[in-house]
Each structure stands twice: as structure tokens, then as C-alpha cells.
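Please open the structure in your viewer and keep the selection tool at hand. The stops below say what to select next and what is to be found there.

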Amino acid sequence: MNQKILIKNSTIVNEGKSFVSDVLLSDGLIQQIGNIDIETNYKLIDGTGKHLLPGIIDGQVHFRDPGLTHKGDLYTESKAAIAGGVTSFIDMPNTVPNILTVQSLREKYEIASKKSLANYAFFLGVNGDNIDEFIKMDTSQFIGVSDDGLYFTKKGNLLADSPEKMEKLFANCKSIIAIHSEKEEIVEENEQAFRKEYGDNIPAKFHPIIRSTKGCYEATKRAIDLARKHNARLHILHLTTEAETHLFQNDIPLQEKKITTEVSVHHLWFSDKDYERLGMLIKWNPAIKTEQDKQGLLKALLDDRIDIITTDHAPHTLAEKQQPYFQSMSGAPMVQHSLNCMLEFYKKDLISLEKIVEKMCHNPAILYGMTKRGFIREGYYADLTLVDLNSQWTVATDNLLYKCGWSPLEGTLFHTAIKQTFVNGNLVYNNGRFNEMFKGMEITITTKSN
Ligand SMILES: [Zn+2]
């Protein structure tokens, strides 16, 4: 049973504008936007003084389900997402098993239908192992295909690192190809050099020198050249260097782009200055780089060379992180705080609310062709989040919802708070309390011919 909910007097942030209005939700959809009278059968939410945003769509998460559920699962991590205003996510294929077949992909959808509180979609994995099978499939049915995280299972399986496999993929794939872009040979050479000097105990601060700018830039450049040659639809995941931002265009609308990219929140938030304080906790692949890279990424986000913001939410247990360099796992949980982080930039006058909504809500829906999501429009799914832009709180262990129970942001003071989150018209998160009766939906896509 869907509730009828009236959100009264909030400031709606949508499609480049902010204005005070009412929104009526029913049957899972946004039914009306405007001046709406209160009726007795409506559940009333007073939005006075608060801002209503479309629910955040996170285009890259690792919720670890199935197979790695000691780190996180589709229930725990989707719950954390919703507390952070995230109503939809696309999850990566490096679970156990790796999602390399249509059957395993369907099984993952099945698990999500029972466990996920947020709306979900899944990338099909592609790497050296299934590329030949893969190119025989009708690839237009997938929201996207990706190699992200799969390189951990076997060396040499990173697509951006194998021009021959990429040629095959780009010549045949009809969906978005989202790749992790680093040149493995450059990384390995650097690893050798540092291993010689430090053995296994390489300090975390050398991570961005090992996983270097050169390694990122050359892989991204090569992937773009190949995509252009085959007129393929390429998306470069989690960009980390200022140098790479100059490889992307902002002179055509997102709808017309064949080559797109994203930045993950942590690459805007942290810089190499933070390794001293946080060590392996902020070891990500690709690495957190310099202050100049961080500023270059924000600049490219603001001038539209970067299209969307993701988290690359990748929980590991604290024990898995607190290991010597080569054993410490790369990745960290971020999905509960991505909107708070971006709103801190807003508070510092570095980005507008409208731009945050464009990059976290509208553009992911456009980029992946999601049906009726990402905007506050009548007839669209009622995925919304109500935020208080004047509320202080500190990230601490006891307010984390991740199964892994830690965050690199612990101790951070935020000046905004997510108050309510609506998923498909249901009030699923309300001031710290959850209604778990309602599960998320599979995200459908509207395929356009290439
Ligand atoms: Zn990832």
C-alpha cells in the first residue's frame, strides 16, 4: 500500500532552480507540484525551512553481495545509503561470484529485490575471461558493463590495460562501457622500486606515487582513443587527476556525449596531505592525489567536463584495511555521507545547490538512461530527500550504518543533515528511523539507439 504524502513549503531544488512549493506523492509517483491544500487522508510533512532534492543516484557502489557479506550487504549498505539521501545505486560486478554471466546478474537482482531498501541496478562484469562470450550477447539490455574491481581477482584482467581486448569490446558492445583506468605496467614498475626500498612496509603516502598520474593519464588517453575509433560509448570511472580532466569535453550536452566521466566524493574531499593522518584508511584505487588534482577535479566538475559524482562506496573491515601496504585492501565506505560532503562545499561557496543536484541526481539518470528518475517532475518516481542546511553533527562510530562499522570521515563536523528520504513515494527514512516494509525497485532503462 502506497501512502499519500504531502510535503508542504519546502524549497525545491530542481533543474537549475530553487523555489518554495508543495509536492504531493501517491502511488509511488510525484503526483503534483504547486500550491496544494491539505486533505485529511494525507500524511503531512512540514518542509518549511528545508530543501527538497531529488534522491541521489550513486552510479558506482560495491555493496559486496553476494559472497563478501562480512564487509557489507545489500540490506546494510542500502540502509546507509538512504540515511545519506541516496535513493538509487548501480553496483559493481566484483562480488563472489564475479558477475560475468547473465544468470549471475539475474540472481543478484533477485537478492536485491528481497534486501535492498533503495532502487538498484547492476553492471555486468567484463574482463579477459568472458570477453569472447560477452560479445555474442545482446548487450543493449544492460545498464552498463564494467571491469571495476575485477582486476583484484586476477592480474592482467584490467580492460584499460589490454588494447586488444578493448578493441574487441568497443567494436561490439551496445551498452555503456564503464572502466577503471590505470596502466598496470606503470603501477607494477613503481611497486617494485618502492618494495626495494621499504619491503612490505611502504608508507601510505607513497600510494599516489605508485598508482601515479602517468599510469592514470596514459590508460585514460588510450581508452578514449580506442572508443573514438570504434564510436563506442565509454565512461571512465572515478577520475583522480587534473591532467586527465583535459581529455574530456564540455562543449556538447551530456545527452550527446559518447565519452563521459565521473569524480568520486573522496577525490574531492581528501588530498595527499591526509595520508599522514589516515594512512591505509584512505588507500583507494585509483589513489587520492595532490591538492592541485583535487582542485582541478572540482573545476572540471563545475565546467561540465566531469558529468557525475559517485562514491565508489567500497567497505572493508577495519582489520582488512589496517595491514601493511601490499595487504591493505583498497577502498572505503562513503555512501552515507556523499551528499553531506558536497553540501559542505556548498556551505563554503565552492558549488551551488543546483549544480550538486545536476551532478548527483539529474546527470546519473540521463547518463544511464534511467526511466523516470533523477528529477522532481510530475509523473516521475517519488525519490526525494529533505535536507536541513543548518544542522550540526559529527560523524562518529555510533552514527554509522555500515556493516564494517568505520568511516574515514569519523570526527568530521557536518553543518547539514538529511532529515527524510522518500523512495518510490514511501517515507523510508525519517529522522533516524527506518520503515523497512518497503523495498526498492529495479531501475529500468530507456534504451536509445546508438
Ligand atoms: Zn569501484
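Which are the buried residues of H14? They are Ile356, Val357, Glu358, Lys359, Met360, Cys361, His362, Asn363, Pro364, Ala365 and Leu367. A residue is termed buried if 20 or more other C-beta atoms lie within 10 Å of its own, exposed if 12 or fewer, and partly exposed in between, with C-beta atoms placed from the backbone. Helices (H or I, at least four residues) and strands (E, at least two) are DSSP runs, numbered from the N terminus.

The model is predicted: local features need pLDDT of at least 70, side-chain atom pairs count only at pLDDT 80 or more, and totals for chains, interfaces and linings use all residues. Residues are numbered from 1 along each chain as its sequence is written.

**Stop 1: helix H14**

Select residues 353-367, which form helix H14. This helix has 15 residues and reaches 20 Å from its first C-alpha to its last, close to the 21 Å expected at 1.5 Å a residue; the expected span is 1.5 Å times one less than the number of residues. Now centre the view on Lys359, where H14 has a kink of about 35°. The bend at a residue is the angle between axes fitted to the seven residues ending there and the seven starting there. Eleven of the 15 residues of H14 are buried, and the helix is mostly covered. Beyond the helix, select Gly369, which follows H14 and has a positive phi, near 65°.

**Stop 2: the whole chain**

Zoom out to the protein chain, whose secondary structure comes to 14 helices and 20 strands. Along the principal axes, the C-alpha atoms fill a box of roughly 70 × 50 × 40 Å. Buried residues make up 52% of the 450 residues. Of the contacts with a separation of 6 or more, 76% are between residues 24 or more positions apart. Two residues are in contact if their C-beta atoms, placed from the backbone, lie within 7 Å.

**Stop 3**

Select strand S1 (residues 5-14) and strand S2 (residues 17-26), which run antiparallel and are joined by eight bridges. Two strands pair if DSSP finds at least two bridges between them. Thr11 stands opposite Val20 in S2. The two strands form a hairpin with two residues between them, and Glu15 in the turn has a positive phi of about 50°.

**Stop 4**

Select strand S6 (residues 56-61), in which six of the six residues are buried. Four bridges join S6 to strand S7 (residues 86-91), and the two run parallel. Ile56 stands opposite Val86 in S7. From S6 the chain crosses through helix H1 (residues 74-83) to S7, and this β-α-β crossover is right-handed: with the strands pointing away from the viewer, the path from the first strand over the helix to the second runs clockwise.

Why is H1 largely enclosed by the rest of the structure? Nine of its ten residues are buried, so the helix is largely enclosed. Those buried residues pack against S6, S7, helix H2 (102-115), strand S18 (417-423), strand S19 (426-430) and strand S20 (433-434). Just after H1, Gly85 takes a positive phi of about 85°.

**Stop 5: the six-stranded sheet**

Display the open sheet with the order S9-S10-S11-S12-S13-S14 and parallel pairing. Strand S9 (124-125) and strand S14 (308-310) stand at the edges, each with a single partner strand, so one side of each is left without a neighbour in the sheet. Leu124 stands opposite Val145 in S10.

**Stop 6: Cys341**

Finally, select Cys341 in helix H13 (residues 338-347). Cys341 is buried, because 20 other C-beta atoms lie within 10 Å. Leaving aside residues up to four places away in sequence, Cys341 touches Val265 and Trp269.
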